[in-house]
Amino acid sequence: MADDQPPSRRYKSPSDLSRSPPSSSSSPSPTTRHARITATSTTHSSSSQPQRRRNPPYLPTPAELALLAIYPSLLTFGALFSLLSPETRNAPYDHARQAHVQDYALAPSYFARKDNLFNVVFVKRGWAWVTAAFWVFVLTHPTVKHNGRRLARAAVRWGVVTVWWVFVTQWFFGPAIIDRGFRWSGGKCEVVEEQVFGQGEGGVREVVTAAACRASGGSWRGGHDISGHVFLLVLGSFFLVQEVGWVVARRARRLREERCVVMPDGAVKGAGVVADRGERQEGEAVLTVMDALGLGGRLAAAVVGLCGWMLLMTAIYFHTWFEKVSQTRCLKKVSPVRETCANVTTRQLTGLLVALAGLYVTYILPRWIPAMREIVGLPGI
Ligand SMILES: CCCCC/C=C\C/C=C\C/C=C\C/C=C\CCCC(=O)SCCNC(=O)CCNC(=O)[C@H](O)C(C)(C)COP(=O)(O)O
Ligand SMILES: Nc1ncnc2c1ncn2[C@@H]1O[C@H](COP(=O)(O)O)[C@@H](OP(=O)(O)O)[C@H]1O
């Protein structure tokens, strides 16, 4: 992996290279030869070197972008599938439950049911699964477990994404951001509203969370409801991809691109330069990807795979762009369905964007803010 090479083979900045003494022999030293192969700067040390651009530190690398593109692709594919599949299109839809009719005989698929085992055991406990996979990985992987600094920084990153998950889905100095967003955008708990906002009788609290609304037998209607499923599945899976991916890619020497970081003096360098000498792994045998994953990495890969599958199921069967009964009315903009239609088109998108915001803060900001990098570090470094 180019961004964290052992010292003798690591990436060299243009200034490093230009400072290198000329080789005394006609054939270049291994170091020089390697530097020529891996240098990825906009400027360079020698006119014979290929000129490759650095990845901007404030943007994901091309490999990260390719992985991130899988999420909108899954959501789009799911929406199109739900529109084109005759079974799904013709299955009756229950607006109150924001799902297909849950009857075994009528639901278009086992995965269209909210009580499917994967939803109940995996997604509804999603953060516990992501957390477990992460800790098994960092506490068993030789690259991380023996390195206190790496372990501590990985724990801090887990803390940052966990706080974001808590804020968005559980609690944000009161109701979670999803619930607050719903109310800010004009949503309310219908049916119970008469009881809870009542006729000035007092004694009944205003319903401010979706869970409380459900518990009161009401239905959460009107505002914009960010998809908690999309949020959790994207945040959790990309968190694991970051934490496991960079470590494994480095151990298996698989990636040929670098994360770039902004140094305190403003210089932009390959991320390998911020690894302490003692942390670089000289002389390590290169492993296959399976060996480099280890038990923890395989568990994490399974969790990521399940997240992808459940994201697809959410896109196909739940609050899709074309919620069944209202489909034609959506297109014709028949009131009062029009409002619902606007909501269903954006719920998944906002779930995705809110997850990406947390991931950007955890993984990209530290690349260009050195003080933050000191605290949260970079996975695999
Ligand atoms: C050893 C060193 C540690 C250093 C740590 C550093 C900092 C930590 C700082 C803060 C941590 C903050 C809080 C910790 C809280 C929890 C810890 C996490 C443990 C768990 O994961 S237990 C929770 C299990 N529950 C879930 O996973 C629920 C997941 N479900 C949901 O979020 C929702 O149901 C939904 C979003 C999927 C869908 O919502 P609905 O549609 O059902 O409304
Ligand atoms: N892949 C999936 N499998 C089963 N149920 C799903 C699902 N995706 C979303 N749902 C259900 O759709 C509703 C809205 O989800 P969200 O807002 O999190 O995106 C939730 O219903 P309940 O709240 O009745 O459990 C949730 O359980």
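How many nonpolar, polar and charged residues does the shell around ligand 2 have?

**Entry 1: ligand 2.** I worked from a predicted model throughout. By class, I found six nonpolar, seven polar and two charged residues in the shell around ligand 2. I then looked up which of the 15 residues around the ligand come nearest, and noted Asn 119, Ser 227, Gly 228, His 229 and Thr 314. Helix H13 (228-251) and H14 are the elements that give two or more residues to this shell.

**Entry 2: helices H4 and H14.** I next examined how H14 (residues 289-317) packs with H4 (residues 70-84). Their axes come within 7 Å and cross at roughly 40°. Because of that angle, I recorded H4 as oblique to H14. The handedness of the crossing is right-handed. On the H4 side, I listed Leu 74, Leu 75, Gly 78, Ala 79, Phe 81 and Ser 82 as making the contact. Gly 308, Leu 311, Leu 312, Ala 315, Ile 316 and Tyr 317 make it from H14. Sorted by class, the residues of this contact comprise nine nonpolar and three polar, with no charged ones.

**Entry 3: domains.** I looked up the division of the protein chain and found domain 1 (58-186 + 225-252 + 287-376) and domain 2 (188-221). Between them, I noted six residues of domain 1 in contact with five residues of domain 2. The side of domain 1 that touches domain 2 has three nonpolar and three charged residues, and no polar ones.

Conventions: Residues numbered from 1 in each chain as written. Chains lettered and ligands numbered in written order. Predicted model: local features only at pLDDT ≥ 70, side-chain atom pairs only at ≥ 80, totals over all residues. Axes fitted to C-alpha atoms, helices over the stretch in contact; angles between N-to-C directions. Helix = DSSP H or I, 4+ residues; strand = E, 2+ residues; numbered from the N terminus. Parallel < 35°, antiparallel > 145°, perpendicular 65-115°, else oblique. Left-handed = near helix turned anticlockwise from the far one by under 90°. Contact = placed C-beta atoms within 7 Å. Nonpolar A, V, L, I, M, F, W, Y, C, P; charged D, E, K, R; others polar. Domains from an automatic or database assignment. Near = placed C-beta within 6 Å.
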